[in-house]
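Hello,

Here is the structure I promised to pass on to you. Please have a look at it first, and then read on for what turned up.

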Amino acid sequence: MRSWPTPTVPTVPGPSVPLRLYDTSDAAVRPVNPGAVAGMYVCGITPYDATHLGHAATYLAFDLVNRVLRDNGHEVHYVQNVTDVDDPLFERAERDGIDWRDLGARETDLFREDMEALRVIPPRDYIGAVESVGEVVDYVGKLLDNGSAYVVDDAEFPDVYYRSDATEQFGYESGYDRATMETFFAERGGDPERPGKRDSIDPILWRAERPGEPSWPSPQGPGRPGWHIECAAIAANRLGATFDIQGGGSDLIFPHHEYSAAHVEAATGERRFARHYVHAAMIGLDGEKMSKSRGNLVFVSKLRRSGVDPAAIRLGLFEGHYRQDRPWSDEVLQRALARLDLWRRAFRASSGPDGDEVIARVRRYLADDLDTPHALAAIDAWAEKAVTVGGPDTGAPAAVATAIDALLGVPAAA
């Protein structure tokens, strides 16, 4: 599957600052210590609707991670999936009278357009579930062979399930107790009442063919992949059984990230799938989480069509910390537009305060678990002085503009 064009990312002079990120499994901010190549997997969309601001906030958070790692001289091997075969896609396609493949292709194209407009650095590997079915089949076979999976006793639908007790460390990624796991499993795509399962929270690996559903051949019979094993196979086959960062929204902590990690650990014997599990918080509207079920979505494409500069969308979402649930509103957008106007007027000034000093501060803030609120405030203070009183540094406006473009993805001009 093709990705989207890569934006120009300037090189920023001066010393960079090593990245530290909050790790969900350890409940602490820890250094990210990649080698020359940093491996990062971020879960992608299920393409049955357009990109909303909750999606955008997640992908922008990991775009910052990508940019800070690059600023530190690392090559970033970024992998992202597209769940282009799943129940929500089939349901929306049936509702709208469109082939599920056409719906998936249309919404994936719109997602690419939104990411390009937002200047998100694209993944090196952008992989659809459909094109990775063979990889999933291989992984399911490994888990069956080593006893980590089983087939339910159902002659009509012999689904394959993963044993939740297959690894001793299961549960370390989320840290949730059993009751919380059961609640989220039921709410987030699980099937706790499925007859024949050994444990109510065992997740499906291979769904046997049902009438009217797409299917692919496998040694276990025709069927299609489960959700968690899809990401497990795609990530491990490109980044290895252990890599630097697994990322996504906070609603993926359990069951999705817990199980995708467990699948690979059970198949390979590794103790820890990702060195960092990093999760972005939710975006709300009118006091509620932004979600399709609530019908309270704000779409990136609609904002763009209304004439909103995508850089203002970035700044509006960066106003709060990526791990903080936060609202979107007209007031947030207006503050972002005013901030963008101030910055761009400062970038056009003939001089300003010390550019090296504010760039160093921005680097420090971003390297400290993506502290965008303090980074934005530092730039605001510099820009206010640049447009009102100027300063001794004639090279500051151009230098700061370059740094903000590279580190925050906000260009000096629309």
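Glu-213 touches Arg-207 and Arg-224, leaving aside residues up to four places away in sequence. Please keep in mind that this is a predicted model. To find Glu-213, look in the loop between strand E8 (204-208) and strand E9 (223-225). Asp-87 is another residue to look at here: 126 residues separate Asp-87 from Glu-213 in sequence, yet their C-alpha atoms are 9.3 Å apart in space.

Next, two points about the backbone. Most residues other than glycine have a negative phi, and most peptide bonds are trans. Ala-27 has a positive phi, near 55°, and sits in the loop between strand E1 (20-23) and strand E2 (28-31). The peptide bond from Phe-254 to Pro-255 is cis, with omega near 5°. Pro-255 belongs to helix H7 (residues 253-268).

Now to the helix pairs. Two packed helices are described by the angle between their axes and the distance between the axes.

Let me start with helix H9 (residues 310-318) and helix H10 (residues 330-347), which pack at an angle of about 115° with their axes 8 Å apart. H9 and H10 are therefore roughly perpendicular to each other, and their crossing is right-handed. On the H9 side the contact is made by Ala-311, Ala-312, Leu-315 and Gly-316, while H10 brings Val-332, Leu-333, Ala-336, Leu-337, Arg-339, Leu-340, Trp-343 and Arg-344. Sorted by class, the contact of H9 with H10 has nine nonpolar residues, one polar and two charged.

The second pair on my list is helix H4 (residues 133-145) with helix H6 (residues 227-239), where the angle is about 100° and the axes are 9 Å apart. That angle makes H4 roughly perpendicular to H6. H4 takes part through Glu-135, Val-136, Tyr-139, Val-140 and Leu-143, and H6 through Ile-229, Glu-230, Ala-233, Ile-234, Ala-236, Asn-237 and Arg-238. Eight of the residues in the contact of H4 with H6 are nonpolar, one is polar and three are charged.

How do H11 and helix H12 (residues 372-388) pack, by angle and by distance between their axes? The angle is about 170° and the axes are 8 Å apart, so H11 and H12 are roughly antiparallel to each other. Gly-355, Val-358, Arg-361, Val-362, Tyr-365 and Leu-366 of H11 meet Thr-372, His-374, Ala-375, Ala-378, Ile-379 and Trp-382 of H12. By class, the contact of H11 with H12 has eight nonpolar, three polar and one charged residues.

That leaves the empty spaces. Rolling a probe the size of a water molecule over the atoms shows where empty space is left.

How many cavities of 30 Å³ or more are there? The count comes to two. The largest cavity holds about 60 Å³ of space. Its lining is made up of Ala-57, Ala-61, Leu-64, Leu-317, Phe-318, Gly-320, His-321, Tyr-322, Arg-326, Leu-370 and Thr-372. Helix H1 (53-71) and H9 each supply at least two residues of that lining, and H1 gives the most, with three residues. Seven residues in the lining of the largest cavity are nonpolar, three are polar and one is charged.

The second largest cavity has a volume of about 30 Å³. Around the second largest cavity you will find Ser-16, Val-17, Val-68, Asp-71, Asn-72, Arg-363, Leu-366, Ala-367 and Leu-407. H1 and helix H11 (355-367) are the elements that give two or more residues to this lining, and the largest share, three residues, comes from H11. The lining of the second largest cavity divides by class into five nonpolar, two polar and two charged residues.

Finally, there is the second largest pocket, with a volume of about 150 Å³. Met-1, Asp-84, Leu-89, Trp-100, Arg-101, Gly-104, Ala-105, Thr-108, Asp-109, Arg-112 and Val-130 line this pocket. Helix H3 (residues 100-117) contributes the largest share of the lining of the second largest pocket, seven residues. Five of the lining residues of the second largest pocket are nonpolar, two are polar and four are charged.

Conventions. Residues numbered from 1 in each chain as written. Predicted model: local features only at pLDDT ≥ 70, side-chain atom pairs only at ≥ 80, totals over all residues. Heavy atoms only, no water. 1 Å grid on protein atoms, 1.4 Å probe; cavity = no way out; pocket = protein on both sides within 12 Å on 5 of 7 lines; lining within 4 Å. Points joined across faces, edges and corners; volume = space filled by probe spheres on them. Helix = DSSP H or I, 4+ residues; strand = E, 2+ residues; numbered from the N terminus. Nonpolar A, V, L, I, M, F, W, Y, C, P; charged D, E, K, R; others polar. Axes fitted to C-alpha atoms, helices over the stretch in contact; angles between N-to-C directions. Parallel < 35°, antiparallel > 145°, perpendicular 65-115°, else oblique. Left-handed = near helix turned anticlockwise from the far one by under 90°. Contact = heavy atoms within 4.5 Å.
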